[in-house]
Amino acid sequence: MKKKRGLLAVVGILLLAVLIGIYFLVKGLNQEETDTEQETTEPTGEEILAMSSEDIKSLRFQLDGREVVWNRKEDQWKLEGEEEFPVDTEKIEPLLSAVSSITADRKLENVENLKDYGLDEPVNCIFITKEDGSEETIYVGNKNPSTGDTYVYLNDEVSTVYTVSKDLAAIFSGDIYAFAVSEEYPVITAGNITCIEVKKEKDSYTLEPDGASDTSWSVTDENGDRKAADGTKAGTLQSAAAGLSYDGYYDNDCQDWSAYGLDNPSMTLVIHYTEMEETEDDKETDETEEEESKEEPKQVEKSITVYVGNASEDGNYYVRLGDSQEVHGMSQSSLDTLKNGKAFDYWDLSVEDIAIADLDHLNVTYGGEEYVLKREVTEEKSEDEKEETKEVTRYYVDEKEADSAKFMDFFRGCQDMVCQNRLEKASAKGEAELILQYVGTDGSEITVTYTPRDASFYEVSDSEGNYGLVNKMSVKELIDQLLVLIEEK
């Protein structure tokens with residue numbers, strides 16, 4: 001046993017010696033490599049390429065997997081082979097600026113292996129033709145992982161590599177539509193939206209202002225059924241519609257809408273909004289024109305139609321604006337709120353009631369008993385000599401005067417009741433525990449019932465055919481307020 005342990009100790013010592021030797025060998029090689037690089041690398045601030053951007057006649061490089069050539073025609077740029085392509089000259093300017101002056105941070109001489117810098121198969125090759133016919137070529141390689149600088153070499157000087165701070169790979173990237181003139185998507189603010197129509201194969205809906213609704217908005221489903229819309233949710237939908245913008249450009253003159261799913265759109269969105277019309281006074285006017293002659297700005301009604309097609313590979317939906325021939329993208333996240341919704345999602349969550357000023361009386365049924373709550377306002381002779389009469393409000397339960405504070409606590413509890421969420425149809429079984437029948441001064445009636453559903457919720461329904469879930473504790477609190485009120489009877 002002792003001999004075995006001794007043998008293991010010797011083996012361990014020999015293994016440790018070998019590892020130490022390997023460590024110093026690798027360290028020496030790394031140091032030799034570093035020393036070699038220092039010998040062939042020198043810091044520089046040398047401008048390795050300099051020309052006037054006005055002298056550049058043509059640019060050729062790889063863009064989205066294809067070679068493109070941009071040619072200067074007088075003051076315009078054209079895409080070779082697609083002369084009608086709507087080139088945005090302003091978007092060519094950054095390319096010209098990037099290559100008209102390039103300064104190297106470092107210079108590596110006597111380079112033998114371009115692969116070390118990603119230059120054996122360059123990320124991009126930028127060919128520049130000047131007005132005088134001379135040419136320059138920039139070969140773009142990898143980025144240095146430490147400094148973020150890009151390796152390049154010029155023309156045929158393969159043994160000299162430079163590092164430059166300009167990210168030429170990023171500047172000369174994208175697709176041809178990154179350099180195209182695009183139609184503008186209108187700027188719309190949420191507060192100016194007057195109506196939103198969402199048309200789909202199923203669950204179409206329309207959100208619009210409604211003076212008869214307590215929330216000032218209503219939502220109509222595909223069957224024409226109209227209900228009050230929740231104010232907060234209406235605002236969220238307005239913001240979603242106002243926040244839309246182009247995020248991608250795919251076709252400037254589409255001839256095949258089916259390629260984008262726009263021959264049969266998955267959604268058609270119509271946004272109605274108002275805008276201040278530009279008057280003649282907003283443009284240049286004669287300084288001698290009198291102040292009172294200025295026109296008042298006019299608010300005009302406008303609308304746009306957005307057709308939504310298939311999902312693209314880059315996280316957008318293909319879209320078409322009105323009768324445009326262009327195909328753009330909108331992010332899926334920005335459209336999904338509108339696309340996946342339905343009228344039900346925007347129903348008002350408040351429980352139906354009548355304002356107390358419009359209430360003639362309220363019939364309350366609880367525990368098999370019915371109670372009549374009434375508010376009366378009368379004119380009575382004032383004790384104040386300065387006033388002949390005064391307005392007096394009294395509250396009654398079954399014709400017996402009740403405490404006004406307790407009466408109003410219960411009535412406000414009824415008005416403040418809010419659904420946790422809406423239901424499309426009734427689902428609770430059993431008898432209603434609490435029934436409220438509002439009778440208005442104009443003879444109108446609204447009935448609201450609260451039926452136990454489970455351990456957490458009551459189901460509330462009204463005579464308008466609305467259903468929802470209400471927190472059980474909220475209903476219990478309302479019943480407690482009722483019991484405090486009727487105990488005084």
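Colleague: I'm new to this one. Where does E74 sit?
Modeller: E74 is in the loop between β4 (66-73) and β5 (76-79). Keep in mind that this is a predicted model.

Colleague: Okay. What is its phi like?
Modeller: The phi of E74 is positive, near 60°, and the residue is not a glycine. For background, most residues other than glycine have a negative phi.

Colleague: And is E74 buried or exposed?
Modeller: E74 has 73% relative accessibility, so it counts as exposed, the cut-off being over 50%.

Colleague: Which loop holds N155?
Modeller: N155 is in the loop between β9 (150-154) and β10 (161-164). Its phi is also positive, near 50°, again in a residue other than glycine. With a relative accessibility of 24%, N155 counts as partly exposed.

Colleague: Switching to strands. How many residues of β11 are buried?
Modeller: Five of the seven residues in β11 (193-199) are buried, so the strand is mostly covered.

Colleague: What does β11 pair with?
Modeller: One partner is β16 (residues 267-277), which runs antiparallel to β11 and is joined to it by six bridges. There, K199 stands opposite T268 of β16. Another partner is β12 (residues 205-209), also antiparallel, over three bridges. In that pairing, E197 has T206 as its bridge partner.

Colleague: How many residues lie between β11 and β12?
Modeller: Five, and the two strands form a hairpin. D203 in the turn has a positive phi of about 65°.

Colleague: New topic: rings. How many aromatic pairs are there?
Modeller: The count comes to 12 aromatic pairs. Take F344 and W347: the ring centres are 5.1 Å apart and the planes are at 80°, so the pair is edge-to-face.

Colleague: Are those two buried or exposed?
Modeller: F344 is buried at 19% relative accessible area, and W347 is buried at 11%.

Colleague: Which residues do ring pairs link into a cluster?
Modeller: F85, Y177 and Y249 are linked that way.

Colleague: What sits over the ring of W347?
Modeller: That's the charged end of K227, 5.1 Å from the ring centre. Elsewhere, R60 lies over the face of F127, at 4.0 Å from the centre of that ring.

Colleague: Back to sheets. What is the strand order in the nine-strand one?
Modeller: The order is β23-β22-β21-β20-β25-β26-β27-β28-β24, in an open sheet with antiparallel pairing.

Colleague: Which strands stand at the edges?
Modeller: β23 (400-401) and β24 (421-423) do. Each has a single partner strand, so one side of each is left without a neighbour in the sheet.

Colleague: How many bridges hold β20 and β21 together?
Modeller: Six, with β20 (residues 359-366) and β21 (residues 369-381) pairing in the antiparallel sense. Y366 stands opposite E369 of β21.

Colleague: Which helix packs on that sheet?
Modeller: Helix α7 (residues 472-486) does. The strands touched by α7 include β20, β21, β22 (389-397) and β25 (434-440). Also among them are β26 (445-452), β27 (457-462) and β28 (467-471).

Colleague: And what angle does α7 make with β28?
Modeller: The direction of α7 makes about 75° with that of β28.

Technical notes. Residues numbered from 1 in each chain as written. Predicted model: local features only at pLDDT ≥ 70, side-chain atom pairs only at ≥ 80, totals over all residues. Heavy atoms only, no water. Buried < 20%, exposed > 50% of the residue type's maximum accessible area, 1.4 Å probe, protein only. Helix = DSSP H or I, 4+ residues; strand = E, 2+ residues; numbered from the N terminus. Pairing = 2+ DSSP bridges. Phe/Tyr/Trp six-rings, centres within 6.5 Å; stacked < 30°, edge-to-face > 60°. Lys NZ or Arg CZ within 6 Å of the ring centre and 35° of its normal. Contact = heavy atoms within 4.5 Å. Axes fitted to C-alpha atoms, helices over the stretch in contact; angles between N-to-C directions.
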